[in-house]
Amino acid sequence: MKRILIVHGPNLNLLGEREPEVYGKLTLAELDQELSAFAAQCHMEALCFQSNHEGALIDFLHAQRKLAVALVINPGALTHYSYALRDAIAAVQLPAVEVHLSNIHAREEFRRVSVIRDVCLEQISGLGIVSYKRGIEVVLGRLVCEELQRFLQQRPALEEGYRQCVQLLKQHFPKYDWAGIYLVEGSELVVHNYLGAPTPHTRIPIGQGICGAAVAEAQTLIVPDVNADPRYLACSLETKSEIVVPIQGKQMYGEIDIDSHTRDAFWENDQRFLEQMAQSLAKWRDEVSD
Ligand code: DQA
């Protein structure tokens, strides 16, 4: 299993008793336990570390730089002034996300400044433990995209590229309860491969349902609550939200379709990295058919 570092800076050891109205009631041990369980569901191993000392945090990053594949870091107050920590994050070259429990943009002026932000893929703040979980999702999206790209560079058989994409998504995103690829055949979308509960919708006319609409409109569709969308072709009572991303290169090849049993499961990161995955597939398809 690949290792992801979950790093907490100064004063976060006092979580639970430290200003609970700002940082919540969860202790650091509880936070780490929940994040480790979440990472395990994503097929990752979380290695959690906290220190009140800048140098200890830097030493930890150096020591782990070749053993881990990604970093989610809440630098605490070091966020606002530690160039040394910033340089360490840049030096270790791990895809990193800066996270905060509280909303640093809605507090004192000095907290709005982050000297860490520009060496991270993203800054996520104000969502409590969800900031960390989203941070994990961001680095996972990056890793999964890179893995698909590496796979496609080996020029796999047509079948295999599409299968690999679905497998990577289902394996690393537990909230993706159903993940599949439909391909365009004439005026229909035909399911190519999927992981999740069997679907009755193996052929969908383009223009019909959310799947058909995304291809007809050539754009990603996110439906936070499928039961509130009249276009939804019901296939499972458990499905609550859906995202559909067209695979479009020199022509419209098909789409990535994902269902979740959680309402409102998808946020900007899902759209961003799934569009990158779809783009890689489209480029590969363009090259295969040249
Ligand atoms: C914090 C915000 C920082 O400004 C503060 O110094 C912390 C915690 C957060 O998680 O909200 O120690 O990073």
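**Pocket, cavity and ligand site**

Q: Which elements each supply at least two residues of the lining of the largest pocket?
A: In this predicted model, local features need pLDDT of at least 70 and side-chain atom pairs count only at pLDDT 80 or more, while totals for chains, interfaces and linings use all residues. Residues are numbered from 1 along each chain as its sequence is written, and side-chain values use heavy atoms, without hydrogens and water. Helices are DSSP runs of H or I with at least four residues, and strands are runs of E with at least two, numbered from the N terminus. The elements that each give at least two lining residues are α2 (28–41) and α5 (129–153).

Q: Which element gives the largest share of the lining of the largest pocket?
A: A pocket is an open set of points on a 1 Å grid with protein on both sides within 12 Å along at least five of seven lines, and its lining residues have an atom within 4 Å of a point. This lining has 15 residues, with Phe38, Lys133, Glu137, Lys175 and Ala265 nearest the centre of the pocket. The largest share, four residues, comes from α5.

Q: Why does the largest pocket lie between two domains, and which are they?
A: The pocket holds about 280 Å³ of space. It lies between the two domains because both give residues to its lining, and these are domain 1 (3–142) and domain 2 (156–289).

Q: What is the volume of the largest cavity?
A: A cavity is a set of grid points where a 1.4 Å probe fits but cannot get out, and a volume is the space filled by probe spheres set on the points. The count comes to one cavity of 30 Å³ or more. The largest cavity has a volume of about 120 Å³.

Q: Which element gives the most to the lining of the largest cavity?
A: Of the 14 residues that line the largest cavity, Cys211, Leu233, Cys235, Glu242 and Asp257 lie nearest its centre. Two or more lining residues come from each of β6 (178–185), α7 (209–217) and β11 (252–260). The element that gives the most, with three residues, is α7.

Q: How far is an oxygen atom of the ligand from an N or O atom in the side chain of His80?
A: The residues around the ligand, each with a heavy atom within 4 Å of it, include Arg18, Tyr23, Asn74, His80, His100 and Arg111. A polar contact is a pair of N or O atoms within 3.5 Å, and a polar side-chain atom lies 2.9 Å from a ligand oxygen in Arg18 and 2.8 Å from one in Arg111. For His80, the distance from a side-chain N or O atom to a ligand oxygen is 2.7 Å.

Key: A polar contact is a pair of N or O atoms within 3.5 Å; within protein, one must be able to donate a hydrogen and the other to accept it, and residues adjacent in sequence count only if both atoms are side-chain atoms. Domain bounds come from an automatic or database domain assignment.
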